[in-house]
Amino acid sequence: MKFTAWATSDLPELDEGGTYRLENLVTDEYEGRFSVKLNRTTSIDEVDEEIDVPESGGTSEEREITEIDTPEEWVDLTAKVSQLWEPRSESIAQVGLLGDPSGTIKFTKWATSDLPELDEGGVYRLENLVTDEYEGRFSVKLNRTTGIEELDEELEVGDDAIAVEGALVDIQRGSGLIKRCPEDDCTRVLQNGRCSEHGEVEGEFDLRVKAVIDDGNEVHETIFNQEATEELAGIDLDEAKEMAMDALDTTVVADEIRDDVLGSYYRVEGPTLGRYVLANEFEVLGGPADAEETLIKARSL
């Protein structure tokens, strides 16, 4: 389990490998992931004994990529490295996409894991991966306990993209001009200047739209990233920041986008990431529907 000791707690340093008796911890939870926090009321006593801790944290299970739907699980995959891209931080050795016949998933390999390099296009047997989730998007992380075996075989990577056509009937909370955590490999949206993982940070501005598209039979939650949002709304990040500065309110950006797009018909294509469709491509199919009818649909969701 993860722990955090705040700098203001004025507690002694904990040594890696040390055994301690800890009292007055505060438990925390974020999207099903539990942790503990040490604060100024926490008492720490070092204990002269050994505790056996399983390296893998649990028994890993063989999965296909699209079967990964829970964070903090240990899984085994047979997958192809379908894409690599440049890591954002020196703490990350490799980052990219793994694929199998069912679809693709992001992976991260930490620099401290001391694992061999994965080659783009290579097929591997990977054991003891840890699943992670953020805003419905699942990923896997390679760590020092991960086993890697390169396989001399071909593996077809499935296409998990779908196409959705319908009316955009709602813009959800968390759309428009937002701030994200700037820490390495963390893109969490800040709430009142705080990251649930890293506490108070100086965030970085971003644009996004979390939309609901109704195809007449069911609704699809859809995420437009900054590039797609700029095209959808016709404003860029600098213009959005200027709008918010003039109004002294960031919500004006989401309001402006809502007025422009609500009720219009779109065709959206992209991968499914948890409950979301990521709008890699989209096109406008028609102008706004009846405004009152659209609002009735939106309020009934």
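**Close-ups of charges and a helix face**

Asp132 and Lys141 are both buried, where buried means under 20% relative accessible area, exposed means over 50% and partly exposed lies in between (1.4 Å probe, protein chains only). This is a predicted model, where local features need pLDDT of at least 70, side-chain atom pairs count only at pLDDT 80 or more, and totals for chains, interfaces and linings use all residues. Residues are numbered from 1 along each chain as its sequence is written, and side-chain values use heavy atoms, with hydrogens and water left out.

**View 1. Asp132 and Lys141 form a salt bridge.** Their side chains meet at 3.6 Å, N to O. To count as a salt bridge, a side-chain nitrogen of Lys or Arg has to be within 4 Å of a carboxyl oxygen of Asp or Glu. By this rule, the count comes to 15 salt bridges. Side chains of opposite charge can pair when their charged atoms come close.

**View 2. Arg194 pairs with Glu200 in a salt bridge.** Here the N to O distance is 3.9 Å. So how accessible is Glu200, buried or exposed? Glu200 counts as exposed because its relative accessibility is 64%. Arg194, at 37%, counts as partly exposed.

**View 3. Helix H2 holds the pair Asp238 and Lys241.** Helices (H or I, at least four residues) and strands (E, at least two) are DSSP runs, numbered from the N terminus. Asp238 and Lys241 sit 3 residues apart in H2 (residues 237–247), so about one helical turn separates them. Their side chains meet in a salt bridge of 3.9 Å, N to O. Asp238 is exposed at 54% relative accessible area, while Lys241 is partly exposed at 28%.

**View 4. Salt bridges link up into a network.** The members are Glu62, Asp76, Arg125 and Glu127.

**View 5. Helix H1 has a buried face.** In H1 (residues 226–233), the buried residues are Ala228, Thr229, Leu232 and Ala233. Look down the axis and they fall within an arc of 115 degrees, so they line one face of the helix. That arc is taken from the directions from the helix axis to the C-beta atoms. Over on the other side of H1, Glu227 and Glu231 are exposed.

**View 6. Negative charges gather in a surface patch.** The patch brings together Asp119, Glu150, Asp152, Glu153 and Glu154. Patch residues have over 30% relative accessible area and no salt bridge, and like charges are joined within 9 Å. Glu150 lies in strand E12 (residues 147–151), and its 52% relative accessibility makes Glu150 count as exposed.

Technical notes:
Patch = residues over 30% accessible without salt bridge, like charges linked within 9 Å, V, L, I, M, F, W, Y side chains within 5 Å. Areas by Shrake-Rupley, 256 points an atom, 1.4 Å probe, with all protein chains shown as cover. Lys, Arg positive; Asp, Glu negative; His and termini not counted. Charge placed at Lys NZ, Arg CZ, Asp CG, Glu CD.
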